[in-house]
Amino acid sequence: MKFKNLFVGGIASYLVEGSIENCKFDGNIIVVNQNEDSSEAYAGGIVAYAGCSYPIFSIKNCKVGNSSPTSISVSKHILPSFAGGIVGYLDDGEFQGQSCELIDNYVKATVRGNYSGGLYGKRGRGEGVVSGNIEEEPD
């Protein structure tokens, strides 16, 4: 059986408008599919996929992995896979004036995926604001 795209986030799985502020996620997100015939997978400590299709989408003052060991990972059998400490895939809007903002967030997590990073796994089009964020290596 072929699965469609998988979205797993600590707070939200798929988000295209609004703001998330002052939130916290501690724990593990592990996306595993034993069927090698799957589609794309997105995993994020706060949001798996941020579509940012409205004028402003923001994640501000959120903490991932602040109190306990945290891991965000996607199985190597799922390609492509996007994993990020804050957002798995950050897709700034395709039209002028649409943007994602990641401001003053904190990440201390192990992040693994085909495309992976402390703040976001991969960033699509656009020119959003990414500032004041802190990434630390887990102990």
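I began with Val64, whose bridge partner in strand E14 is Val107. A reminder to myself: this is a predicted model.

**The sheet around that pair**

Next I looked up how the two strands meet. Strand E9 (residues 63-64) and E14 run parallel and are joined by 2 bridges.

**A stop at Lys108**

Staying with E14, I turned to Lys108, which belongs to this strand (residues 106-108). Is Lys108 buried or exposed? I found a relative accessible area of 18%, and because buried means under 20%, Lys108 counts as buried. What does Lys108 touch, leaving aside its neighbours within four places in sequence? I noted Val64 again, along with Gly65, Thr70, Glu136, Glu137, Pro138 and Asp139.

**Into the core**

Then I went to the largest nonpolar core, which has 28 residues. Which residues touch the most other members? They are Ile46, Ile59 and Ile86. Strands E5 (28-31), E6 (41-44), E7 (47-50), E8 (56-60), E10 (71-74), E12 (87-90) and E13 (99-103) each give two or more residues to this core. Another core, of 5 residues, lies apart from it, and I spotted Tyr42, Ala48, Tyr49 and Tyr89 among them.

Last, I checked Ile59 beyond its neighbours within four places in sequence: its contacts include Ile46 and Ile86, and also Ile20, Val47 and Leu102.

Conventions
Residues numbered from 1 in each chain as written. Predicted model: local features only at pLDDT ≥ 70, side-chain atom pairs only at ≥ 80, totals over all residues. Heavy atoms only, no water. Helix = DSSP H or I, 4+ residues; strand = E, 2+ residues; numbered from the N terminus. Buried < 20%, exposed > 50% of the residue type's maximum accessible area, 1.4 Å probe, protein only. Contact = heavy atoms within 4.5 Å. Pairing = 2+ DSSP bridges. Core = buried A, V, L, I, M, F, W, Y, C linked by side-chain atoms within 4.5 Å.
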